[in-house]
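Me: I have a structure open and want to learn how to read it. Can you take me through its features one by one?

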Amino acid sequence: MFRKLTLTAVTTLAMATAPAIAAEVETEIEDYAFSFEGPFGSFDQMQLQRGLQVYTEICSACHGLELVAFRNLHDEGGPGLPEDQMRAYAEFYEVFDQSLFDGEGDFRPATPADKFPSSSLSNAPDLSLMAKARAGFHGPAGTGINQLVKGMGGAEYIASLMTGYHEEPECAADANMDGQYNVAFAAGGFPASCIDEHGHHMVPGSWISMSQPLYGDDVEYADGHSTDLEHVAQDVAAFLMWTAEPKMMARKQAGLTGVLFLTVLTVLLYLTNKRLWAPHKKKH
Ligand code: HEC
């Protein structure tokens, strides 16, 4: 708890003097291979559970997930927590219930129908839909072309953001920037001393007001999976992809069924067409 509070204070301080947003920023986004990519990809249940753990132990200190209900943690195709574990997880949170005490309201343990709390740090965005909001983060101006071609999307961005904290570049040595230098983050402050005479940024990324949340070995996994920074970052990114698109699997399946149906229909139409015209063609 102490660690979380310290982080919060630093971040709040940094935000108070947030510099203007920079334009035309190069970023470095790693093309991670996630299990849910491609037409046949699906979420890896164990990875989603590990990601939930990372969110719970670290990110939830600042970030909310206000669009996700606890009962969804039990969903097949999601983290798939057994029902009793999902219930126990919900009870770990407290929600304010206006109907208690004759309308005066009081706190009570959350139930499966309740949603995760909203962000406790006002400048930390809610993460429910973040993986979708940042899906078309690069490629020709917002076309999401890289997402289509390379399967790169919001999950890659989030994992890269987690691993994108670097030492400040030399050009910023005297700039006294607020926040931390991150090569994946585009929307933060940028020192004039790192912009050349043509107005180009000499280094990728920008300065973010979120203190580095993950360093590796931040959590202990029950399944023995590696807790390297890269792995923990991908786990939490996969979990946030699921919160943003919990029905991805169902959507992909419907898409495949649709393609199959259209293929059969095409063949049938082709044969019908041939048969209809056959008598007329013979005459010539
Ligand atoms: C100490 C508080 C704190 C913690 C802990 C924290 N964040 Fe943040 N986070 C912030 C703040 C503040 C911002 C807004 C940064 C900005 O816009 O400069 C932010 C922004 C973000 C963004 C949005 C970046 C963008 O493109 O706008 C993502 C994604 C994110 N955090 C993910 C995470 C994840 C995943 C974790 C847990 C591993 C985490 N954060 C832990 C405070 C925190």
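Reply: Start with polar contacts. A polar contact is a pair of N or O atoms within 3.5 Å; within protein, one must be able to donate a hydrogen and the other to accept it, and residues adjacent in sequence count only if both atoms are side-chain atoms. Here, a polar side-chain atom of Arg 134 lies 2.8 Å from an oxygen atom of the ligand. The side chain of Ser 209 has an N or O atom 2.8 Å from an oxygen atom of the ligand.

Me: What kind of model is this, and how are residues numbered?

Reply: This is a predicted model, where local features need pLDDT of at least 70, side-chain atom pairs count only at pLDDT 80 or more, and totals for chains, interfaces and linings use all residues. Residues are numbered from 1 along each chain as its sequence is written, and side-chain values use heavy atoms, with hydrogens and water left out.

Me: Which residues come nearest to the ligand?

Reply: A residue is near a molecule or strand if one of its heavy atoms lies within 4 Å of it. The ligand has 24 residues around it, and Cys 59, Cys 62, His 63, Tyr 157 and Met 210 come nearest.

Me: Which protein atoms are donors of the iron atom?

Reply: Donors are N, O and S atoms within 2.8 Å of the metal (3.2 Å for Na, K and Ca); water is not among the atoms, so sites may look incomplete. The iron atom of the ligand has His 63 (NE2) and Met 210 (SD) as its protein donors, 1.9 to 2.1 Å away.

Me: Where do these two residues lie in the chain?

Reply: Look at the secondary structure. Helices (H or I, at least four residues) and strands (E, at least two) are DSSP runs, numbered from the N terminus. His 63 is in the loop between helix H2 (45-57) and helix H3 (83-91), and Met 210 is in the loop between strand S4 (206-208) and helix H7 (229-244), so the pair ties together parts 147 residues apart in sequence.

Me: Is His 63 buried or exposed?

Reply: Buried means under 20% relative accessible area, exposed over 50%, partly exposed in between (1.4 Å probe, protein chains only). His 63 has 11% relative accessibility, so it counts as buried. Met 210, at 19%, is buried too.

Me: How many disulfides does the structure hold?

Reply: A disulfide is a pair of cysteine sulfur atoms within 2.5 Å. The structure holds one. It joins Cys 171 to Cys 194, S to S 2.0 Å. Both Cys 171 and Cys 194 are buried.
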